[in-house]
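Notebook open, structure viewer up. Here is what I looked up today, entry by entry.

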Amino acid sequence: MSRYIMNRISQKGRRFSPYFVALLAVLSLLAAGCGNDDDPQPAAPEQTSTPEAPPPAPTEDPRGDALGDGSLGIVTVASGESVQIRSLNAISGPVAFLGLPNQRAVELAIADYGDVHGFSVDLGTPLDDLCSSEGGQAAAQTIVADEQVIGVIGTSCSGAAVAAAPLVTEAGMVMISPSNTSPALTSDFQGNAGESWSVGYYRTAHNDLIQGAAMANFLFGELGVDNAAAIHDGDPYTQGLALAFQNAFEELGGSVSGVTGINKGDTDMVPALTEVAAFSPGALFFPIFQPEGDFIAAQAPTVSGLEDAYLLAADGLLVDDFLALSDSEGMHFSGPDVRFGANVNQSTGQNADQILAAYDQAHGEPPSAPFWGHAYDAATLLLDAIAAASWVEDGDLRIDRAGVRQHLNSVSGYSGITGTLSCDDFGDCASQKITVISHESSDDIEASKNNVVYSYP
Amino acid sequence: MQLTTKQRTKVDWFLTILRVIALVVICAGFAAFVAQMIDSQNPFARWANPDAINLTGEQFQGLVVTGLAQGAMYGLIALGYSMVYGVLGFINFAHGEVFMVGAMTGAVTSSKLAEAGYWESSFVLCLVLVVVLSMVVCTVTAVLMERVAYRPLRGKPRLIPLITSIGVSFFLQNSVLALLGSTVKSYPDLPDWLTDKRTFLEIQGSKILVVVVAALAMAGLWYLVEKTKTGKAMRAVAEDAEIASLMGIDVNRIIVKTFAVGGAMAGVAGILWGLLFRSVIHTTGFLPGIKAFSSAVVGGIGNLGGSMAGGLTIGVAESLGPLMILEPLGVSGPSQLRDAVAFAVLIIVLLVRPSGIFGERLPPEERT
């Protein structure tokens, strides 16, 4: 019997058995090696990464007037090491146009800001939020695994923040987003926290309640349209903005008769457009992204009932690739007020022109989305907060996590590239200025971007 | 396999119930729609959805035309799936990406031509050039794919090339992403005669063009397969590769030709896509690929005419279904369910006619 089996094995494995045995041997060696490496780790954690209790007060308090009560732990940056912050933005996939400028602006801000109490600042490997909740969650888990990290600039997309913000903030870190605009992440401005609000989450981007209201006021008051339709793509950002627009428009006395959704990846928009065309709306608001926005802009005028409707979009489509399409001519776009003019970031002393010049020099192209200024301000706010909540003791830098939040909560009248920033109780720090532009020619995108026809509030 | 009533199993009952439910839902939705169109105030029109909308004749026609144009494109892509399946008996999932490569090639070359000013001055010549280039690139891609990924797996169980094709699909998608970046590539503006609505039935020129080109490609393919020597050889290989090689047919060569023809069809479809929708991104091939595969199955896989008919069926169904059946039934956001409608058509067809509308054409050993 056993001989039979041996025969079978030698027959079947004639060509492979020596390799197979060698492979097994190597694998078992590797496994043993890994085991040895793994075992002692939990016993000896990195000394610098443990949050420590506040140091016993010596005769002369080295803390000075650094903010914080130590309740969220104190991070020690050893002499010669760097202060760790992270960038978490959509840097791959179709929404990379939004995240890449954010990340690059953060890099520029760190370079302009310089050291914090003589310690350099390290952004680590840029992380990707993939513009999805799964991506946000995975990246947030990577971030919180490193206990040296003080704060995160990100995410790019509201959908990613919903998953990432709780993880990051529960670890005692802060998160400042340059481009999340969903009202659910902060508040409704009436004192009610949004359903996805986390303590320790801040943003320098506007709240979409303002953007929805801006578009509604512009449409109702300036264009004189009282019957509108809206299309979203199921994403929390687009859905939230369409809803904010609808509520504001109906409050003004208009009616939003057709609200429908499409799917990301759809190309034939005629059915969805026909659905809203049945109400003969005077305007169609579609706060979505490319490429679906391209298809709506191209197909809407061919659908009976929509030929003369105003086409309106939001900051998601306020990108060069979309503005360069002739189909987008004649459209109106709401978005953050990007006429930064002579605004100066008070922490670095740089203005928008200087930053844009540095950006162009480093990357050979202008930013592809309008939130680079918000990202720059977010980074300098974070660095200011770290500076205010840290002190040097025995050659090491000690950062009080609670102090970082304390500083951000108290930000008021901060002069940034995007205007004057003040943080409210729910983390909304933006200047909340929205403009509507009228896009006249796809040949001169810059002229259109500066062609502001309405400002709100 | 005719079962008497006594022999019916629980599965058969379950399937019958499913068929009846599908039929009832479709009929109810359609009846409500018809009732609405006859008189929007009649009570039957509003029993399920008090806010039901009315379509004007023009809007209805718009839906049908756009569905036909989209369906013709699914059909063109489906031809590639069907041909490879007919000859090799496996599903080449990467075919949708070959189509995307064609659309991308078109976008890149046409914008270069537009920059140089030729696109506007001699549009037809440019279009021909772009189509030819796209066909060449797609053919090369398809042939390389066969040589590198599938030929080494010839004779292996069919699951193996199937999974390989999914890998090839990701490889192509990410190669395009790495080469051309993640931004949306757009075709330059088309001349007025393509974008304006024609006097004939008020249909956009580009949609007419898509349907006409699809019909021509279909006819050419039919001629190739049914009337030429190569076609005869293809059919022989499909029938029995071993015996075909005994008869002096170079099987590898025929298989390469099959992939090449399928690739060329995908190239044409890619350009038509560009003319119709104008924007392309590296993930463009995925969903149309899956829908085209469904079209091939709906029409009867391996059956060329069936693939085209299947494409038109799915295209029109996903265009009309949401507003004609789901909306009158009170489903909210019906347009978001258009993919569901497309795949529901696949399921319903498989429930009623498991071999597709026109019946599949398979090698004899696979026929049941």
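Before the first entry, a note on handedness: I call a crossing left-handed if the near helix is turned anticlockwise from the far one by less than a right angle, and right-handed if clockwise. This is a predicted model, where local features need pLDDT of at least 70, side-chain atom pairs count only at pLDDT 80 or more, and totals for chains, interfaces and linings use all residues. Residues are numbered from 1 along each chain as its sequence is written, while chains are lettered from A and ligands numbered from 1 in the order in which they are written.

**Entry: a helix pair in chain B.** I looked at helix H13 (residues 304-326) and helix H14 (residues 338-352) of chain B, which pack at an angle of about 135° with their axes 8 Å apart. Helices (H or I, at least four residues) and strands (E, at least two) are DSSP runs, numbered from the N terminus. Axes are lines fitted to C-alpha atoms, for helices over the stretch in contact, and angles run from 0 to 180 degrees between N-to-C directions. The crossing of H13(B) and H14(B) comes out right-handed. Where do they touch? On H13(B), I noted B:Thr313, B:Ile314, B:Ala317, B:Glu318, B:Gly321 and B:Pro322, which meet B:Arg338, B:Val341, B:Ala342 and B:Val345 of H14(B). Contact here means C-beta atoms, placed from the backbone, within 7 Å.

**Entry: strand S12 of chain A.** Five of the five residues of S12(A) (residues 332-336) are buried, so this strand is largely enclosed by the rest of the structure. Buried means 20 or more other C-beta atoms within 10 Å of a residue's own, with C-beta atoms placed from the backbone. Next I checked its neighbours, counting two strands as paired if DSSP finds at least two bridges between them. Strand S11 (residues 310-313) of chain A pairs with S12(A) in the parallel sense over two bridges, and A:Ala313 has A:Phe333 as its bridge partner. With strand S17 (residues 434-438) of chain A, S12(A) pairs in the antiparallel sense over five bridges. There, A:Pro336 stands opposite A:Ile434.

**Entry: helix H13 of chain A.** In H13(A) (residues 401-409), I found A:Arg401, A:Gly403, A:Val404, A:Arg405, A:His407 and A:Leu408 buried. Their cover includes strand S1 (74-77), strand S5 (149-154) and helix H12 (372-388) of chain A.

**Entry: where the chains meet.** I get 32 residues from chain A and 30 residues from chain B in the contact. On the side of chain A that touches chain B, H8(A) gives the most, with six residues.

How values were computed. Two residues are in contact if their C-beta atoms, placed from the backbone, lie within 7 Å. A residue is buried if 20 or more other C-beta atoms lie within 10 Å of its own, exposed if 12 or fewer, and partly exposed in between; C-beta atoms are placed from the backbone.
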